[in-house]
Amino acid sequence: MTKRPRNPRSPFLTRVVLVLAFALTGAGCGGLQNAGPRDGATPAVTFDHAGITSGCAACHDTNQPYAALPSAGAGHRATGGLDCSNCHHADNTTGWTSWAGGQFHTPGSSTPATCLPCHGSEAPTSTAGWRGTTYARSPFDYGGNSLGISHGGGQDCAICHAGPGAGAWGNQPNWVGGQFAHVTFSLADKTCIACHASQRPDLQPGANAETAAAQVGFDHAPYPALDCMGCHSATVDADSYVNYFNPATSTLPGGDWQGGRSFPGSVPVGYPSEHLEFQTTTITLSSANDFVTDATVAWEEVRDFMIHTSTAIPPELRPAPAGVPDYGKCWHCHYNKNGVVIMYPPGKFHPALVQYAVTPDAPVTPLPQPPQGCKECHAATQPKGIVGTSSLQPMNHGIEFASPTIVAGVSATGVKDLDCSACHDNPMGVFRDVAFHSNIATATLRECVSCHYVTMVDGPNADVQSGSAYRMRHTSAQMTFHTCTTCHPSALANAINPTLAAESWRPGQYHAVLTVQPTGCNDCHSESVPTASIAAFDHSALTSLGGGRDCGGCHTFPGTGTTMTPNWLGAANPS
C-alpha cells in the first residue's frame, strides 16, 4: 500500500497545539470521555477539531487519554504504524465528527505484501457466498481439510490473491480469481495434500471406496494421509493443475491427476510430517568485495524424501526395480502387523537398518548404515540458507569452489555436487555431525562470507578487543568489504583444526591491508580515548559531548608510525 505523507509536525508539537486550542476555545475534551462507541458509530464530539487533519495518535493512540483503540470488534489488527488520518479522513472545514467511513485500501493504492495482519482469521471454511464461477473446475480444499490445514494450505492470502479480485482498491475489492502458482520453491515443492486432501476419488459426491477404486484402478481410502506427490509425479512433470476431471467426459478417470503409480520407484516420496526445520540466515551478496547488503533470519523447512530404488539401500531391504517391486519387503520400513503393511506413512529407513530382522518374529540382526550415496534421497534436504549449531561452524550448502575440483572422488563445482557423506558420517545424527574444511582440503572456495557472515556479525566471538587500543567491530559502517581472507589470510589453514574457536581466525590485520583508510574511527576506537596521564591533550571535553567527536577529526592514519605499527601521534589541535 502506498502510504500518504505523514504530517511533519511531531506528536509533541501536536499535543502543544491541541492544549493551546483547548485553552483558547475553552472547549476542553471533557465531552470525549463519554464519546460513545468506537466501532464507527457517530460519537458525541464536543471538541472542535476544525483544522486538524492529521496527528490523531497524539490523543487517540492506545496509551493516550482519549484512546480510540483498543476496542473489541474494532478490527484494527495491524496498520503498520499509520496514523488514524490515513484511513479516517476529514476536510479542513467540518473537521472530525465520526470514525465512520474509514478506508484502508484507498483508490489507487498498491497491493499489500501480506494480508494476514487484518485477514488472518477470515480464511473461508466453505464456498458459501463465493462469487467466482470457474473455481470448481480446479478443486482444492476450499474450506480447509481433515488434516487440520486451513484454506490455501494455511499460507498468506497474498500468495494466491495478488490484487483486488474482480473489483478495485477503493471500489468493492473482493477475493475472486485467486490463483496458486505451482512453481519451484513454493509449497508445491513440498506437499500436495496440504491443499488437496479432499480430492481423493472416494470422497467425491456419489462415490465410495469401492466404486472409486474400480473407476481409477487404485483404492485411495486406506491412505488418508499419504501425500499425493508420492504417486502422482506425472502431474508435477506435466506442470498441469487445471482439470480435475477428464475434460472430454467431465468424470474420472482422466484429468490432470492421471498417470499415478502405486509404487513410487525412482520418484522422491515423503510425507508432510517427515521434515527438518532449521533456523537459517539468507544473505544478499554483492559481487563487489563480497559485500553483504542484506540478511534475513527465518525458519526453513526441508523435506526428508526417500527414493526406493536408491543404490544405498542394502539388498535385504531394497524393494527391487521400479517396474517389478517386491512388496514383501515393505514391512521393514512401514507400519505393519506380522509383516503385513497396514499404513505406509510414515516410512523409516535408517531406523529399519538398526532394527532389521529377517522375518517379523526373528531376532534383530542390525545392518550397517550406508557409507555413501546419501544424496540420492537427500538432495532436497539441503537448506538454502546458512545453518549451524554455532556461529563458529556455519554452513551454506550453495557455496561454490573457485574452480572444479575432485573431492571424495567426485568432480565438483561446489558443495551441491558432493554427497552428504563427504562431510556427515552419522546418518542417525540428523546431520549435526559435520567436518567441512578438513574434508574438502583439495578444493579452494570462491569466497568465505557466504558461510561466515554469521561468524562476522556474532559480536562476542568476532569483535576482538585489545585492551584500550581498539575493539574490532566487523559490522561497522566503515567496512566496505566482507572478503574474510583480506584480513585473515591464515584462517583457512587453521580451519582444519577440529576444535571450534574464534582464535582460528587470528592473526587479523585491518589497516595494514587497506589502500584507502576509513574516514571514521569511533566504531572501533571508542575504547581508545587516552587518560590524562598518558596524553598531552585533555580529550575529556571532546568525548563528553553527545556521542563524542570522532578521532578522525584530528588524527590521520598511521600517525607518526607505519601501517604495521601505527600510533596516535602527530594529531592536529581541534578547532
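Modeller: What follows is a set of questions and answers on a predicted model.

Biologist: How many bridges join strand E5 to strand E6?

Modeller: Strand E5 covers residues 400-407 and strand E6 covers residues 410-414, and the two run antiparallel. Val-407 has Val-410 as its bridge partner in E6. The number of bridges that join E5 to E6 is 4.

Biologist: Which residue in the turn of the hairpin formed by E5 and E6 has a positive phi?

Modeller: The hairpin of E5 and E6 has 2 residues between its strands. In that turn, a positive phi of about 50° belongs to Ala-408.

Biologist: Which residue has the backbone oxygen that the side chain of Arg-473 reaches at 2.7 Å?

Modeller: Not counting residues up to four places away in sequence, Arg-473 touches several residues, including Asp-463, Met-479, Cys-524 and Glu-527. Along the chain Arg-473 and His-525 are 52 residues apart, yet their C-alpha atoms are separated by 9.3 Å. The backbone oxygen that the side chain of Arg-473 reaches at 2.7 Å is that of Asp-523.

Biologist: Why does the pair of Phe-218 and Tyr-223 count as stacked?

Modeller: The structure holds 8 aromatic pairs. In the pair of Phe-218 and Tyr-223 the ring centres lie 6.0 Å apart, and Phe-218 itself is partly exposed because its relative accessibility is 28%. Planes under 30 degrees apart count as stacked, and the pair therefore qualifies, with its planes at 20°.

Biologist: How many residues apart in sequence are the parts that the pair of Phe-481 and Tyr-510 ties together?

Modeller: The rings of Phe-481 and Tyr-510 have their centres 6.4 Å apart and their planes at 25°, so this pair is stacked. Phe-481 lies in the loop between E8 and H11, whereas Tyr-510 lies in the loop between helix H12 (491-494) and helix H13 (522-525). The parts that this pair ties together are therefore apart in sequence by 29 residues.

Biologist: What is the relative accessible area of Tyr-510?

Modeller: Phe-481, its partner in the stacked pair, counts as buried at 9% relative accessibility. Tyr-510 is buried as well, because buried means under 20% and its relative accessible area is 14%.

Definitions and conventions:
Residues are numbered from 1 along each chain as its sequence is written. This is a predicted model: local features need pLDDT of at least 70, side-chain atom pairs count only at pLDDT 80 or more; totals for chains, interfaces and linings use all residues. Side-chain values use heavy atoms; hydrogens and water are left out. Two strands pair if DSSP finds at least two bridges between them. Contact means heavy atoms within 4.5 Å. A polar contact is a pair of N or O atoms within 3.5 Å; within protein, one must be able to donate a hydrogen and the other to accept it, and residues adjacent in sequence count only if both atoms are side-chain atoms. Rings of Phe, Tyr and Trp (its six-membered ring) pair if their centres lie within 6.5 Å; planes under 30 degrees apart count as stacked, over 60 as edge-to-face and the rest as tilted. Buried means under 20% relative accessible area, exposed over 50%, partly exposed in between (1.4 Å probe, protein chains only).
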